[in-house]
Amino acid sequence: MNSKSVVVIGAGPGGEAAAKRAAELGAQVTIIERAEVGGLCLNAGCIPSKMLLEGGRLLRQVRSAAYLVGGSTASIHWDMLQEKKRGLVTHFRKSLEQRFGQLKIRLVRGDARFVSPHSVRVTGPEGAQNIDFETAVIATGSAPFFPPPFDPSVQDILDSDRVLNLTQVPKSLVVVGGGAVGLEFACLFHELGTAVTVVEKMPQLLPGEEASVSRFLQQSFEKRGIKVHTEQTVTSAEKSSDGWRITLSKGEECFAERVLVCVGRRASLNDLGLELAGVSVERGRIAVNDFMQTSRASIYAVGDVNGLSLLAHAAAVQGSVAVGHMMGKGTSYAHARVPRCLYTWPEVASVGEWTHSASIKDLEVKTQRFFFQGSAKALAAEEGEGFIQILSNKKDGRLLGAQIIGPHATELIHILSVALAAGQTVDQLRQVIFAHPTLSEGIPGALGR
Ligand code: FAD
């Protein structure tokens, strides 16, 4: 049995996946965590935000069924939703700690810092100790970034951590940043009765996403009363007794009780002692190859800290790829297969190429669409908004990518992920029989059965 000693720094999804795989492959594993196991994803990211969003979604469903049940005066019990969120997080934290125990992964609490290429110093509640290793995985994640004029030390400015723990639903909210995190909170609070304004610097919401999908989402938001300002930045933010006065670059002003800043995140590298380990940093992130190896071959970096993709499932896959490589059982990281999901209503999900990325690669793209307005299942659920878009190569019919905006997009996308991973053509996907009536039959619907 291989008994390589592996140290993993950070117990978020990247570190968790690396530690578990290394233990399963017979390594002696130590995982070091300075806060709670589960990282950002479990404690202040994916799980708590999706729990709150599920509350908003249920409220929306109850309201949309009001005509069937003789009216609805439903509103959210924010305290109960928060309680449920805390319960869910605690449950998964405990089960993760148990799993570490079952796999004989040693969990050390404290702040890790490299002191050489084969040793870290951990300073924690039980004092300081040096831990030596043969190989290490850095999975320290990222931290929110505040551009001027915002000052992160002002407690009244909300970031993605603080907003999750609000004790009251604000009456009005300006969300600075129209990326995934900002839009999910915008959607949630609007449903809970908050007057929401979104400010985005780029010409479209969800920068980088298919333009037609972003446009559709913006129209859906605006139809519901969420104000959206694109191609604008915040030039000043002044706090008074009744809230914030926000001035935008084109001169408009917005007033809101609270301001939420979600403009992106930066790799957590501070005080890691990377220079003592011989690990290079490029443009604020740890540079890695396709196997997640850093400039020091025995040290890997996975998840947000390498900046390849700020997504939990990408971090987890990278953790597994890194350990596979160090234990001689590896395949490289397939970035193109990582699905990207947004849990707003309508939901948004995409995988593989977009039309803009395919055109940069000089691929000749065939675009096929199905609109949920043509789906009996979607209309029965009052969710006829959105479409499925499938991109294939004109030359050989091979799937290139897909975008979905609409009901259960974050689940439906995986059908197309599987087909894409299998290298299928449109004709092969057409052979699959989809049950009727389902939302998934929109896939053959798009391909023209
Ligand atoms: P993290 O999860 O950040 O974990 C890093 C860990 O390292 C932390 O626990 C930290 O305490 C620890 N650490 C850092 N430095 C040290 C040190 N020196 N010593 C010891 N420990 C250290 N992604 C999705 O895929 N789906 C979603 O729905 C989703 N929703 C999100 C919602 C919000 C509000 C936010 C903010 C993010 C969301 N994300 C989502 C992104 C996702 O949470 C991150 O991409 C993911 O957590 C990154 O995993 P990681 O392992 O790289 O780092």
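Is F387 buried or exposed at 2% relative accessibility? Let me set out the ground rules, and then I will answer that.

What you see above is a predicted model, in which local features need pLDDT of at least 70 and side-chain atom pairs count only at pLDDT 80 or more, while totals for chains, interfaces and linings use all residues. Residues are numbered from 1 along each chain as its sequence is written, and side-chain values use heavy atoms, with hydrogens and water left out.

Now the answer. F387 counts as buried, because its relative accessibility is 2%. Buried means under 20% relative accessible area, exposed means over 50%, and partly exposed is in between, with a 1.4 Å probe and protein chains only.

Let me stay with the aromatic rings. A pair of aromatic rings is described by the distance of the centres and the angle of the planes. Here, rings of Phe, Tyr and Trp (its six-membered ring) pair if their centres lie within 6.5 Å; planes under 30 degrees apart are stacked, over 60 edge-to-face, and the rest tilted. Searching the whole structure gives five aromatic pairs. In one of them, F216 and F387, the planes stand at 80° and the centres are 5.6 Å apart, so this pair is edge-to-face. These two partners come from distant parts of the chain, 171 residues apart: F216 sits in helix 7 (residues 211-224) and F387 in strand 23 (residues 387-393). Helices (H or I, at least four residues) and strands (E, at least two) are DSSP runs, numbered from the N terminus. F370 and F372 also pair edge-to-face, because their planes are at 90°, with ring centres 6.2 Å apart. Both F370 and F372 are buried. Ring pairs also join F216, F371 and F387 into a cluster.

Next, the ligand. How many residues surround the ligand? There are 38, and the closest are G14, E33, K50, D304 and A312. By class, the shell has 19 nonpolar, twelve polar and seven charged residues. Ala, Val, Leu, Ile, Met, Phe, Trp, Tyr, Cys and Pro count as nonpolar, Asp, Glu, Lys and Arg as charged, and the others, Gly among them, as polar. Several elements each supply at least two residues of this shell, including helix 1 (13-24), strand 2 (28-33) and helix 9 (312-326). Helix 2 gives the largest share, four residues.

Some polar contacts can be named. A polar contact is a pair of N or O atoms within 3.5 Å; within protein, one must be able to donate a hydrogen and the other to accept it, and residues adjacent in sequence count only if both atoms are side-chain atoms. A ligand oxygen is 2.6 Å from an N or O atom in the side chain of E33. For the side chain of K50, the corresponding distance from a ligand oxygen is 2.7 Å. At P13, a polar backbone atom is 3.4 Å from an oxygen of the ligand. The protein covers 93% of the 1,000 Å² of accessible area that the ligand has on its own; such areas come from the Shrake-Rupley method with a 1.4 Å probe, and for residues only the protein chains shown count as cover.

Leaving aside neighbours within four places in sequence, P13 is in contact (heavy atoms within 4.5 Å) with G38, C41, A312, A315 and A316. P13 and A139 are 126 residues apart in sequence, yet their C-alpha atoms are 8.4 Å apart in space.

S172 counts as buried because its relative accessibility is 17%. Its side chain reaches the backbone nitrogen of E257 at 2.8 Å.

Last, the backbone. Most residues other than glycine have a negative phi, and most peptide bonds are trans. A cis bond joins P148 and P149, with omega about 10°, and another joins H436 and P437, with omega about -5°. K104 has a positive phi, near 60°, and lies in the loop between helix 4 (78-102) and strand 3 (106-109). K104 counts as exposed, because its relative accessibility is 70%. R283 has a positive phi as well, near 45°, and R283 counts as exposed at 74% relative accessibility.

Notes. A residue is near a molecule or strand if one of its heavy atoms lies within 4 Å of it.
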